[in-house]
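I am opening a notebook on one protein model. The entries below record what I looked up, in the order I looked.

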Amino acid sequence: MPIYAIPPLISSLLFISLGIFVLKQSRATQASKLAFFLQCLATFWWQFTWFLLFQIPDNPFVHQLIKIGYSGIILIPATFFHFFATLLYGKKYLSIIKLYYLISFVFLTLLHNSLLIINGTYFNHFGHYPKAGILHPLYLTFLITVVIHNIYILYNKQKDQQTNNQDRNQARYLLAGFSIYLIAASDFLVNYGFKFYPIGFIFISIYLCTNTFAIVKHQLMDIRIVIQKSLVYTSLFAIISITYLSIIFICESITQYFLGYQSPFFRFFIAFFLGICLLPFKTHLQGLVNTFFIHGNPCDIAVQNEYLLKEVAQKEKFKAVATLASGVAHEIKNPLTALKTFVEFLPQKKNDPEFMQRFTIIAAKEFDRMENLVKQLLDFSKPSPLNFQRTNISQLLDDVIALNSMRIKENNIKVIKHYPTVTVSIPLDQNQIKQAFINIIQNAIDAMPDGGTLTIGVRVQDSLHPTPYTLTPKIIISITDTGCGIDKEGQKQIFEPFYSQKSQGTGLGLSITYGIIQEHQGKITVNSILNKGTTFEITLPYKKT
């Protein structure tokens, strides 16, 4: 095998392996997984064809092989936009995606039925390479247009302050990786007669690493240990695949030496036959890796991750309940003290109608207060499936403040509320959203040990330009403290599992909060200035009926 054929072989195998891996295992939407796979498939198509092309001597089949490989190159711009737009914007750019694919198929038709896109070949020291036709610059114009559009949507997403941190981080990773991928466009110079070995495989491989890291970090798994296992599994899978194919070509070369055949078709047939024969070896080797290194395949890891996430979420919930228990006990103590005082005077004033009437009113009120507190704690701690019911959001926030009233008083914190003058009720799971509010408010209290101001606001925002892909109108809940604040690096990681700036923190509270808000089709963002304070803003869909 010529040495020039090895780099495109390796890069093609990496792309198709990781494309299949994400398609099967990612938690992203089916549309974005498919788009990523198509992007990987187009690049694999291009690189694997070049691997074959650099091995074939002068042969009429070369021209047909070049057109087959260039089909992948023509589809790459559309698949890139398809992936970026679907992952970050859903169906917002669906019509443009269809347009770009339509234009790509026009170029494919010209490629396979004329010499307008590719007109013959150059023969360089590394092998054959396609020669640009008269309309090839038109394809490059289309490519540049799509590239600019890709950069535009990625830049806008990572700069959009209304976008949550996860989406902004995704956009940053993708923009960085895409910028590196663009350097591979230097290979087009060879289409115009420049004589150098095309090194685009280096930059597309770097892009693949950056891109896959973004998907794994923000979509594929939620627990860091599982992320590491998944990356190790992917790397080992790629190594096994490369080893397997290397053995095939070594065996094929030995067979060619003894039989003396030269036909590329016969070589392909022998390689295919050897691949079938050696397939049990690859399966056995991969099974050994699963058993001794990974202790399970990616599907097993995903299942373990699901159980682990549920377990830590439940532990975090019980920890919150334990923290609130002291506050509830304090709240119960106050009415008990009042009742005890009345009971002590009861023998002396049992015949006093005014005293008895007052005692009856206060006793009933205090008993109701205790009953309500106990009910809230039981409702909060009892695990239950997601149960949407219309809820007064201001009242729910007041309940959370009441549960934390003892700590608020101890820390000398002033609470300011900015609620709408009319009742704002939306369908949500009370227990889940209450847990989210508790996590944020408790963090705010922890950030102000020496006192401060806790400002809680609720407002309704109607969009002036509604679209099918925006949640309109919206209800926005803001929780602001005047505490120690969070640095910029901390803000980027604040919703990641196991990240905490508190020595005794588990780093799961805000991660669970983020998941709860996502389940309610909302988003949560954080803005903070070090030593001045932090604001968490929660946006939920506001359905009036």
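The entries go from the whole chain to single residues.

**Entry 1. Overview**

I note at the start that this is a predicted model. I looked up the secondary structure and found 17 helices and 9 strands. Of the 545 residues of the protein, 49% count as buried. I then looked at contacts between residues at least 6 apart in sequence, and 73% of them join residues at least 24 apart.

**Entry 2. The nonpolar cores**

Which residues touch the most other members of the largest nonpolar core? I found Phe84 and Tyr139, in a core of 67 residues. I listed the elements that give two or more residues to this core: helices H1 (6–25), H2 (30–53), H3 (61–89), H4 (94–113), H5 (136–159), H6 (165–182), H7 (188–191) and H8 (200–220). H3 gives the most, with 17 residues. Apart from this core lies another, of 40 residues, and I wrote down Ile441, Ile475, Ile516 and Ile524 as among its members. A general remark for my own use: in soluble globular proteins, nonpolar side chains tend to be buried together.

I went back to tyrosine 139 for its contacts. Leaving aside neighbours within four places in sequence, tyrosine 139 is in contact with Ile73, Ile74, Pro77, Phe107 and Phe188.

**Entry 3. Aromatic rings**

I looked up the aromatic pairs, and the structure holds 22. One of them is formed by phenylalanine 54 and tyrosine 197, with 6.2 Å centre to centre and 55° between the planes, and it is tilted. Where in the chain do phenylalanine 54 and tyrosine 197 sit? Phenylalanine 54 is in the loop between H2 and H3, and tyrosine 197 is in the loop between H7 and H8. The pair links distant parts of the chain, 143 residues apart. Phenylalanine 54 has a relative accessible area of 6%, so I put it down as buried. Tyrosine 197 is buried as well, at 17%.

Next I took tyrosine 89 and tyrosine 93. Their pair is edge-to-face, with 5.2 Å centre to centre and 90° between the planes. Why does tyrosine 89 count as buried? Its relative accessibility is 17%, and buried means under 20%. The relative accessible area of tyrosine 93 is 13%, so tyrosine 93 is buried too.

I also found a cluster linked by ring pairs: Phe81, Tyr89, Tyr93, Tyr100, Phe107, Tyr139, Phe142 and Phe188.

**Entry 4. Cysteines**

How many disulfides are there? The count comes to 0. Cysteine 40 is buried, with a relative accessible area of 0%. Cysteine 484 is partly exposed, at 44%.

**Entry 5. Serine 12**

I looked up serine 12 and found it in helix H1. Is serine 12 buried or exposed? At 0% relative accessibility, serine 12 counts as buried. Apart from neighbours within four places in sequence, serine 12 is in contact with Phe44, Gln47 and Phe48.

**Entry 6. Glutamine 430**

Glutamine 430 lies in helix H15, which covers residues 430–446. Its relative accessible area is 29%, so I recorded it as partly exposed. Not counting residues up to four places away in sequence, glutamine 430 touches Asn387, Gln389, Thr391 and Leu396.

**Entry 7. Helix H17**

Why do I call helix H17 (residues 509–519) largely enclosed by the rest of the structure? Because 8 of its 11 residues are buried. The buried residues are Gly509, Leu510, Ser511, Ile512, Thr513, Tyr514, Ile516 and Ile517. After H17 comes glutamine 521, whose phi is positive, near 60°.

**Entry 8. The hairpin of E8 and E9**

Last, I looked up two strands, E8 (residues 523–529) and E9 (residues 533–541). They run antiparallel and are joined by 7 bridges. Asparagine 527 has threonine 535 in E9 as its bridge partner. E8 and E9 form a hairpin with 3 residues between them. In the turn, asparagine 531 has a positive phi of about 70°.

Notes
Residues are numbered from 1 along each chain as its sequence is written. This is a predicted model: local features need pLDDT of at least 70, side-chain atom pairs count only at pLDDT 80 or more; totals for chains, interfaces and linings use all residues. Side-chain values use heavy atoms; hydrogens and water are left out. A nonpolar core is a set of buried Ala, Val, Leu, Ile, Met, Phe, Trp, Tyr and Cys residues joined through side-chain atoms within 4.5 Å. Buried means under 20% relative accessible area, exposed over 50%, partly exposed in between (1.4 Å probe, protein chains only). Helices (H or I, at least four residues) and strands (E, at least two) are DSSP runs, numbered from the N terminus. Contact means heavy atoms within 4.5 Å. Rings of Phe, Tyr and Trp (its six-membered ring) pair if their centres lie within 6.5 Å; planes under 30 degrees apart count as stacked, over 60 as edge-to-face and the rest as tilted. A disulfide is a pair of cysteine sulfur atoms within 2.5 Å. Two strands pair if DSSP finds at least two bridges between them.
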